[in-house]
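Here are a few exercises on strand pairing and crossovers. Grab a pencil and try each task before reading its solution.

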Amino acid sequence: MRLRLLLFIPIILITLMLNTSNLSCSPNASNAIEHINEPGIIDVHAHIGEFKGFDLSLNSLLATMSESNIEYAFISNIDGAAISGVTADGDETTVNEKTAKISSENPKLKPLFWAKPGAKGASAEIAEKFLRDKKFYGIKFHPDFNNFQANSASVIPYLALCQKYNVPALFHCGGSPRSSAKVIYEVAKKFPNVPFVLYHMGFNTSHEEAINVAQEAKNKKDALIYLEISHVPVQEILKAIKTVGADRVIFGTDATYYGRNHYDTYLGPLKTIKGAISATEFQQFIHNNAVEIFHLPSSTPSQGNQQKNEPSTGKSEDKTRKN
Ligand SMILES: [Zn+2]
């Protein structure tokens, strides 16, 4: 009898434990997961295409965007990157046609041209077709994945197009001599009216150089530098906002680097940032700066107005639009 009782106790305990773990896996519990929920968030850095080892699928992007109430994401096709065995290294026309198709089918996705300066068959003429005829919103450059220096001669014709069509240049900013903030600043000074967005504000660096560059450009008014915050520790993001100003720091996430639940990674940092700056600064950071550089309609964010301003004609009066 006593032996039986001893046998029963562990069984009861195990049953209780199983019930508890069932509870934590119930649908109600998973629905309670908190997501970003700030109206009007614009992500200036997202991808389509394939990168070995990462889930960059369109389904994951759309699902995590919808769950986290992201208004727009600006996409470029990473199939343009030239990393042997990892990315497709497709030509400019093919990869950007895919961006055009996907963004035309999904109004929350806005197209950016993936440029390959100096690559075989690549040219600013190709880029111009996408800016002029397909209303692309900007040109994305990845000096490290496409093996060119940000300030090299092959980049200039593309940047001239950014000026002509009044659209931003978005650079992967790392720490290498090809992609450092200083090198990008050098070329940005040649196009002082073009917004230059520094993705990652110095990937894998202390971010100090990018912050200094943005501050110097703002003080001297000799270039328009914006710092984008994907993969940047929250304290460095706050330092950038406090040092350079919320009008020069912009929300971007490198979606969907973290896969299906990508935006959840940014929930904590966003809360910290929101708690540390004014409501006006927070709006600049998540929404207004993007509206300004991409010339999005300034109506209520939730209206989802898809119109954008016509690209400029390249005439001189357009150059005075921004300082
Ligand atoms: Zn990226």
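Before you start: this is a predicted model, where local features need pLDDT of at least 70, side-chain atom pairs count only at pLDDT 80 or more, and totals for chains, interfaces and linings use all residues. Residues are numbered from 1 along each chain as its sequence is written.

**Exercise 1.** Find the bridge partner of Leu 198 in S8, then place its strands in the sheet.

*Solution.* Start with the partner: Leu 198 bridges to Leu 227 in S8. Strands here are DSSP runs (E, at least two residues), and helices are runs of H or I with at least four, numbered from the N terminus. Next, S7 (residues 195-199) and S8 (residues 224-228) pair in the parallel sense over four bridges; pairing takes at least two DSSP bridges. Now zoom out: the open sheet has six strands in the order S4-S5-S6-S7-S8-S9, with parallel pairing. At its edges sit S4 (113-114) and S9 (249-250), each pairing on one side only.

**Exercise 2.** Work out why strand S2 is largely enclosed, then trace the chain into and out of it.

*Solution.* Count first: eight of the eight residues of S2 (residues 70-77) are buried, so the rest of the structure largely encloses this strand. Buried means 20 or more other C-beta atoms within 10 Å of a residue's own, with C-beta atoms placed from the backbone.

Going in, the chain runs from S1 through helix H3 (residues 58-67) to S2, a right-handed β-α-β crossover. Right-handed means that, with strands pointing away from the viewer, the path from the first strand over the helix to the second runs clockwise. S1 (residues 41-48) pairs with S2 in parallel over six bridges, and Asp 43 has Ala 73 of S2 as its bridge partner.

Going out, S2 and S3 (residues 109-111) pair in parallel over three bridges, with Phe 74 bridging to Lys 110 in S3. The chain gets there through helix H4 (residues 92-105), in a right-handed crossover.

How values were computed. A residue is buried if 20 or more other C-beta atoms lie within 10 Å of its own, exposed if 12 or fewer, and partly exposed in between; C-beta atoms are placed from the backbone.
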